[in-house]
Structure formats: C-alpha cells, structure tokens
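Me: I'd like to learn how to read a few features of a model like this one. Could you walk me through them?

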Amino acid sequence: MSKKAKDNLWGWIFVLPSFLTLVVFIVIPIIRSFYYSLTEYSVLSSPKFIGIQNYIAAFQDPFVQASLKNTFIYVLITVPMQTILSMIIAAVIAMKFQNRYGRFVKACMFIPVISSSVLVGTLFTLLFDTDKGIVNSVLAVFGVDAINWLGQSSTALVTVCIAAIWKNVGYFLVIFYAGLMDIPTSYYEAAKVDGAGKIRQFFSITLPCLRPITYLVLTLGIIWSFQAFDMVYAMTQGGPGKSTYTLVYTIYNAAFREYRMGYACAVALILFVFILVVNNVQRLFFGDKED
Amino acid sequence: MKRKLISLLLVSAMLSGCGAASSSSSTAQATTSSSSGTEDFSGVELSFWTAPFGENDAQFFEEHLAAWEERTGATVNVEVIPWDSYEEKYMTGVASGTGPDVGYMYNEMLYSYIESGAIEPIDSYFTEEEKANYIYWDNGNVLGKQYILPYVVGAPRVLFANMDLLAEAGYDAVPTTWDELVEVSKAVTEKTGKIGFDVPWGGYFGDLNEIYFPFLWQAGGDICDDEGNLTLDTDAALTAAEFVYSLKTDGVISASCVSRDSSAVSDDFRAGEVAMYIGASVGAKKNTEAGINWDYVPFTTNVEGGTMVANDSLVLMSSSKNKEAAVSLMKELTSPEIMQAFHEQCYQMPPITTGETYVDDAKFESMYTEYADQFHALPVMKNFSQIESALFANLQQMMMDELTPEEALNNTMEYASSLG
C-alpha cells in the first residue's frame, strides 16, 4: 500500500465515527422524515403513500398558517432583543465590572439558562397573571389598567417572547463576553490616543470585532426561535385561539396528540427548509467574514 | 340515541349495582376465586401501564397484585406515566414494540389504536357470569366490538357551589337552570364582591368537558350523531356557544377567564374567591379539605339536563404475547377487592363491579342512580382530538370577541370536514 493510500485509509478511519454518527442520527432520520411526509402514517400502522397531499393540507391548515405567522413574529421579536440585550450587558460588564460583582452578575444571568423551561414558563405565567401578577401590580402604581397578558391575542405571544428572551440572554451574554475578552486592548488604547470616545470605540472597534460572534449568536438565536416549543407548551398551550401556536408546537400536536406522523413530518420539513433559507440569507448578509 | 340507550341500561345496572353492594361480598369472592382456580402463568412477564390517579399508584398496584402474582406465577411490571406525556409515551411504546400488555386508555385515545388493530377485542375472554359483574360492561362496546373494559367510570362534571357565599347573597340552594345560574352569580358578585361563577378558558382543549360540552348537552345537542357525524352546526350547539359567550359579555364570569386554567379556578374556589365552578366530582375531597361548605348539582338545565362523565378503560394490546395471562390481569385489576381499595385509596369513584361497596362521597351516591341517563361519555370517533383542538381554539377566539358564536362553530365544522 502506497503512503498516500495509507494516509487516506487513516483519514477515513479517523472520520468514520463522526461520519457514522451523522449518517445514523441526522442523515437517515431526515431521509426517513421526507419519506414519511409523503405518506399517511399514524405510527400505529404501516405508512400509506399519498404523494404531496400532506404538504397541500399543511399550507391550507389554519393551525399551520397561524403557526407560520407566529413563528416569524417570535423570531423577529426574540432574536434582535436577546442579541442586543446580551451584547450590551456583556459590554457593560467587560468595560466596568471585571471584578467579583461582574462575575456575580454573569452567574445570576446564567441561572435562567440552566433552569427548566416549564419552571420559567410557570414563573412568567404567575408574573403576568392578570389579577394577581406582579407586572400588573407594578403597572397599577402608574395608573395602568390590568392587562390580560396571556388572555388576549395581541399580548400572549409577546409575553411568551419576553419569557424566552429572559431565559436566553444569559447564554448569549457569556458568548459575547468571551468575544469581548478576545479584542486586544491595544485597539482601544490607540483609539483613545486618537481621541475616540466610548461610543465611537464601541461602534468602530467592539462591534466589528464581534462580527463572527454576532453571526454565531444570530444563527443560534434564529434556529432556537424557529424551534420554539417549550415556553408555548408551558405557558399557553398555543392559545388563546391560535395566537401562540408555533410550528414545532403544531408538529408536536400532529404527531403525538393526533397520531398524524406523516403530516407532522411534512410540517417539520417545511420548517427545515425555512431555517435553511433564513440561514443562507444570513450568510449572504454577513458574507464570509465570520470565518 | 344509541348512547342514550346505553345510559338507560346504565341506570338499571347502576341500581342493581348499588342495591347489591351491601350483600355482594360473596359474589366478589366467587368472581376472584373462579378466575384464580386453574390459572398457571409461571414465568410470564406482563406490563401494565397506567396514568397516575393517586399519590403512589405503582406501590398500590404492586401491593395489591402480589397475591395474584403468587397465585399464577406471573410477574407484573407496573409503569405509571405522567398525564402530560401519557399519549406520547403510549404511542412511541406501541410503535416500537415495547408497549404494555394491558393499558389504561381514555376515550379520546381509542379510535387510532382500534383502527390500527393495536387493541384486541376482549368479549371472548369473559364468561357471561363475569360480564354480568361489570356494571358498565356495555360501555365497552365501541366501534362495533367489545374493545375495552370500563375501568374508571364516573367523575361527572358537576356544578360545585360555596354555600356560605350563596347564603351571603341570599340563596340557600345551588342553581339548577341557566337563568338561575346567571342570577345567583350576579347576586354573589354584587353582594360579596367575589366571583359568582367562573369558567377556565385559558387551559387546553380537555377543559371543554367542563366549559362547553355540558352546556351543549343541556341545550339538547350532542357532539356527534349516531353515525359519528359531527353535529356542531345545530341550533343547540349555537345556543350553548351563545350562552357561554354571554356569561362573559354580561360580566358573569371573570374578564380574565381566557388566561385562567382549571387549576386557577378550582384553587380560587377553595380559597373562597369563587362561588361556583364546574369540575369533576373527584374534586370534592379537596373542596372539603379546604374547609369549604360546598354543595352541588349534577348540572344546570336548559332544554334538558346533561353533563360529561369519564368512561376510561383497560385495554388488551394485540401485541401481548400472553393474552390469557393479560386478560386474567385485567380481571384481577377490576376485581371488587382491588377496585374498592383503589377507590378508597387512590381515586374516589363509584363502583364498577357489583361486588363493590360505594365509597365515593356520600353526597354523590344518589346522583349516580338518579341522573345516570343524563351522563354523557365523549365519543370514540375519527379525528376527535383535532376537532377538540379546533373547537377550543375557535371558542377561545369567541371569548376574546374575535369570532361570533356562529363563526366559531362554523370554522370548527369546516376544519373537521377538511380532515376527511
């Protein structure tokens, strides 16, 4: 065996475990999901091929239509908010509190990340309770009438988004903080010599240097938000009406409550395509500089 | 009509059941010993899946099945699955071939399993004498065959009232009609400052059992006809929806009802903040423990009376490798001794066999004999879960003034017909 062939063989051997893991846990399930999406399949009996009927039904289904709309709104609210908030808090800690207080704040901000979603959902349900919630009590001090946060279409999704943002900010904060620590202090010293103020430094040094980190945070944020399920499950069960139905919640209902696994696979693949498209648009926007 | 007929049979069966309760211990003994006489299932392993009814169901069943295990040589693995993941776990278990031999199921689950052949008919495994011991045996005949063994039957959704609050408002009896309900609720709110009557519209579709279906039956309607066709486009369905909607627009129920789930409402009842609510009769124990001076009526009446009653069951899975042993386990689980202990220790319900003594709340005993023909179980029909989801979502929108009662029902009918 030539040296090149030997090298190739070793290469394959090293790659094989990851390759097999990918094939077994990702590639095969995607292919199977695609197949099931073309069938009427309840899991309890054999799949029956029905072509693209599940896809046609999905786009006509009022629950899927509401889910699509709600999921996009959810992404549009949570992703920018959690990105901006985590970046600002990380920048403030990096600039002003690189001490035990900063570490304490970071630890506190990370607690929601490791908390159960059901717990966070229940907590926010209590906070935003119409009659006994703290939020309405505080608003009442300022003369604002009680808001039925989770009981009206116009505010239910926003309330779920607030809970999700609160839960996620700590995670992205840590990522941003690590990115901030990687920016050489000499850049700031040079800018200071040139007379740049704090705000100018932030926009001309911090933001550009955080570009790869921001790309990562946005990518993760978008994917997580498209997969929104747990908060909805814990707080609203998709209601009131269809106002907080998300795509993953609809997939869950179709698969496990309605025994329509084929249909659920079709909606899941629609979601997969959306995430793929949005992610590629994002890549175009950020170019290759994130590398 | 068919269900009404079954209900009428139920009444007579219930009458005989309750009447025989005090003198039937010998029958119970005979049932148990006849099923135990020649059974030998040495080495057989069975699994039994159930949802949690009491505080420690697994321990309860392990203790109470020990004698049967010793007698037959079989062993039983009891798995108690939380309510919120019950259907999910059941479906994945059955699909992956790791499902139970005997399982607990509620009506909403049945159709898909029966249609796919996952549940075995049980008629041939029971003698006529054994069948006669089950008060609700006929309820187990669904989709044309005896697929299920009625197991948790009862817990009708009744109207509970805090009699102290009603007395403060000048009333000494629980309202029995829709008009009285509205009148008493308004009076309670006016004179005590508490919520007169509350309905949880912020939960999930299962709450329809308390917040819409009872009113539908009371308006003279039904969920579906004898052929299994959805009947939410009837005048009765509309009357019920309009009444439910008027409870909100007239200020009878709390304005925040769309964000309140059933626990919030029952907790507020137990805290003395709500005077009346509709809930499962099993909630009576907690009401008493909370120190509430409560009374109830089975239902309020409009055109007629009616409310929802549980008709949950044990099923024999087709995949069971030891069906004889599994059926024997079903018989043991529903034996008078175990059922009576189950009703005493885990879940207060009326007897399901003629050999049991009534151990549910004494206040409910007469209800089961007087009103049984007005108790309705949920139908076993195709796509019922989807229809319930859609109906709940549409009625929620109605409660938020986004749809009229007519639109809410029409949307549901359209959605149901789109499912095929």
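Me: Where is the place of A:Pro240?

Reply: A:Pro240 sits in the loop between α11 (230–235) and α12 of chain A; helices (H or I, at least four residues) and strands (E, at least two) are DSSP runs, numbered from the N terminus. The peptide bond joining A:Gly239 and A:Pro240 is cis, with omega about -5°. Before we go on: this is a predicted model, where local features need pLDDT of at least 70 and side-chain atom pairs count only at pLDDT 80 or more, while totals for chains, interfaces and linings use all residues. Residues are numbered from 1 along each chain as its sequence is written, chains are lettered from A and ligands numbered from 1 in the order in which they are written, and side-chain values use heavy atoms, leaving out hydrogens and water.

Me: Which loop holds A:Val43?

Reply: That's the loop between β1 (39–40) and β2 (48–49) of chain A. A:Val43 has a positive phi of about 75° although it is not a glycine.

Me: How do I read the interface, and what is the area buried between chain A and chain B?

Reply: Buried area is the accessible area (1.4 Å probe) that two parts lose on being put together, summed over both. Here the figure is about 2,500 Å², with carbon and sulfur atoms giving 56%. A:Leu44, A:Phe256 and A:Tyr259 supply 25% of what chain A buries against chain B, more than any other three residues. The contact (heavy atoms within 4.5 Å) takes 31 residues from chain A and 32 residues from chain B.

Me: Which side chains meet in a salt bridge?

Reply: The term means a side-chain nitrogen of Lys or Arg within 4 Å of a carboxyl oxygen of Asp or Glu. The count between chain A and chain B is one: A:Lys132 with B:Asp268, at 2.8 Å, N to O. On the chain A side, α3 (62–96) and α12 (247–257) each supply at least two of the residues touching chain B, and α12(A) gives the largest share, four residues.

Me: And how do I read helix packing?

Reply: Two packed helices are described by the angle between their axes and the distance between the axes. Axes are lines fitted to C-alpha atoms, for helices over the stretch in contact, and angles run from 0 to 180 degrees between N-to-C directions. In chain B, the axes of α8 (residues 178–192) and α11 (residues 235–249) come within 12 Å and cross at roughly 5°. So α8(B) and α11(B) are roughly parallel to each other (angles under 35 degrees count as such). Among the residues making the contact are B:Trp178 of α8(B) and B:Phe243 of α11(B).

Terms used: Parallel < 35°, antiparallel > 145°, perpendicular 65-115°, else oblique.
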